[in-house]
Amino acid sequence: MPVSFDPARGARHLDPLCIALAGPTASGKTAAALAIAQLYPVEIISVDSALVYRGMDIGTAKPSAADRAAVPHHLIDIVDPLSSYSAARFAADALRLVDQIQARGNLALLVGGTMLYFKALRVGLHPMPEADAGVRAAIDRRATQHGWPALHAELARVDPATAARLAPADAQRIQRALEVFELSGKPLSDWHAARGADAAPAAAEWPMVSLEPTSRAWLHERIAQRFQAMLAGGFLTEVQALRSRGDLHPGLPAMRCVGYRQAWQALDEGRSSGCAAEAIAATRQLAKRQLTWLRSISSRQVVACDASDAMPQALAALHACATAHRTHALTV
């Protein structure tokens with residue numbers, strides 16, 4: 001069933017489809033998605049590994065209650081922080097939701113910056129070795145003795161591709177990469193390069209609009225300003241409330257989210273507001289990884305999010321993607 005749009009708003013008749021709106025953290029994805037929803041009958045599917053957790057609102061820049069009331073949002077507040085939520089589960093949930101949204105005659109808009117989730121949709125995931133507590137403990141002991149930069153150098157010898165994209169102090173990812181290699185004898189980069197049997201072929205063809213800055217300094221400033229606003233908005237109080245539950249700990253996936261991990265450590269050390277520098281630096285590293293992944297997608301439509309006309313350009317790119325999709329659909 002085709003979707004009807006209001007001609008007075010400059011919209012067109014388009015077949016139901018799915019479009020991805022990606023970009024690094026703080027690039028303006030939420031604002032662009034809400035602007036798109038003013039022109040199209042949109043339902044937003046969050047592609048964010050932190051927004052799935054309940055009670056983690058300020059530090060994840062979660063869309064406001066008013067925004068979520070105005071536009072249907074999915075895959076937000078669906079998991080308790082004590083639980084985990086995998087990329088494979090996301091892919092299954094997202095595909096189910098896309099079918100449901102399209103059946104309602106609406107546009108499914110995938111919005112976020114968790115690139116592993118996008119990868120799970122586009123190329124699938126291979127069943128990598130599960131976490132092994134004994135191997136992780138041994139890696140942690142080596143890190144305590146020699147430091148994470150030494151383990152980063154160790155990773156560079158067995159998996160140079162993965163080491164090249166990780167900072168020497170990125171303990172969580174260095175640990176996982178070494179763990180995968182020690183358990184399987186196969187570098188993590190090889191696992192990532194292989195196409196999974198669970199890939200959704202149609203997802204690889206979905207148009208993607210990517211918000212990317214021309215100036216890295218612009219993005220860095222946005223990240224710093226946003227984290228300072230989070231602190232002013234009560235972020236540390238939010239983390240303290242999570243700590244006071246008594247059943248959460250820093251090793252959980254939810255508490256390893258950027259910002260939360262640094263805030264938890266600062267509170268452990270009695271530094272009530274001393275996590276800003278660490279959290280901002282970690283967020284900048286996250287943005288760098290996100291941009292690296294996005295640049296590997298040659299079919300994406302890039303919009304300079306630091307341009308003065310970023311919003312109209314994003315809307316124009318979306319419309320171009322939708323029009324191209326419809327033309328392709330009519331010729332196959």
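This is a predicted model: local features need pLDDT of at least 70, side-chain atom pairs count only at pLDDT 80 or more; totals for chains, interfaces and linings use all residues.
Q: How do you know that the span of helix 3 agrees with its residue count?
A: Helix 3 covers residues 87–103, which is 17 residues. The expected span takes 1.5 Å times one less than the number of residues. That gives 24 Å for helix 3, and its end C-alpha atoms are 24 Å apart, so the two agree.

Q: Which residues of helix 3 are buried, and what covers them?
A: The buried residues are Ala87, Phe90, Ala91, Asp93, Ala94, Leu97, Val98 and Ile101. Their cover includes strand 1 (18–22), strand 2 (42–47), strand 3 (73–74) and strand 4 (107–112). Helix 4 (115–122) also belongs to that cover.

Q: Why is helix 4 called roughly parallel to helix 13?
A: The axes of helix 4 and helix 13 (residues 276–294) cross at roughly 25 degrees and come within 10 Å. Angles under 35 degrees count as roughly parallel, so helix 4 is roughly parallel to helix 13.

Q: What makes the contact between helix 4 and helix 13?
A: Helix 4 supplies Met115, Phe118, Lys119 and Arg122. Helix 13 supplies Gln290, Trp293 and Leu294. By class, the contact has four nonpolar, one polar and two charged residues.

Q: Why is helix 5 called oblique to helix 6?
A: The axes of helix 5 (residues 133–146) and helix 6 (residues 148–158) cross at roughly 120 degrees, and they come within 7 Å. Roughly perpendicular runs from 65 to 115 degrees and roughly antiparallel starts over 145, so helix 5 is oblique to helix 6.

Q: Which residues meet where helix 5 contacts helix 6?
A: From helix 5 come Ile139, Asp140, Arg142, Ala143 and His146. From helix 6 come Trp148, Ala150, Leu151 and Glu154. They divide into five nonpolar, one polar and three charged.

Q: What makes helix 1 mostly covered?
A: Helix 1 (residues 29–37) has seven of its nine residues buried. They are Lys29, Ala32, Ala33, Leu34, Ala35, Ile36 and Ala37.

Q: What about Cys275, buried or exposed?
A: Cys275 has 1% relative accessibility, which is under the 20% cut-off, so Cys275 is buried.

Q: How many disulfides does a search of the whole structure find?
A: It finds zero disulfides. The test asks for a pair of cysteine sulfur atoms within 2.5 Å.

Q: Where is Glu130, and why is it called buried or exposed?
A: Glu130 is in the loop between helix 4 and helix 5. Its relative accessibility is 70%. Exposed means over 50%, so Glu130 counts as exposed.

Q: What is Glu130 in contact with, leaving aside neighbours within four places in sequence?
A: Glu130 is in contact with Arg176, Glu179 and Leu183.

Q: How many helices and strands does the protein have, and what share of its residues is buried?
A: The protein has 14 helices and six strands. Of its 332 residues, 46% are buried. Among contacts between residues at least 6 apart in sequence, 75% join residues at least 24 apart.

Notes. Residues are numbered from 1 along each chain as its sequence is written. Side-chain values use heavy atoms; hydrogens and water are left out. Buried means under 20% relative accessible area, exposed over 50%, partly exposed in between (1.4 Å probe, protein chains only). Helices (H or I, at least four residues) and strands (E, at least two) are DSSP runs, numbered from the N terminus. Contact means heavy atoms within 4.5 Å. Axes are lines fitted to C-alpha atoms, for helices over the stretch in contact, and angles run from 0 to 180 degrees between N-to-C directions. Ala, Val, Leu, Ile, Met, Phe, Trp, Tyr, Cys and Pro count as nonpolar, Asp, Glu, Lys and Arg as charged, and the others, Gly among them, as polar.
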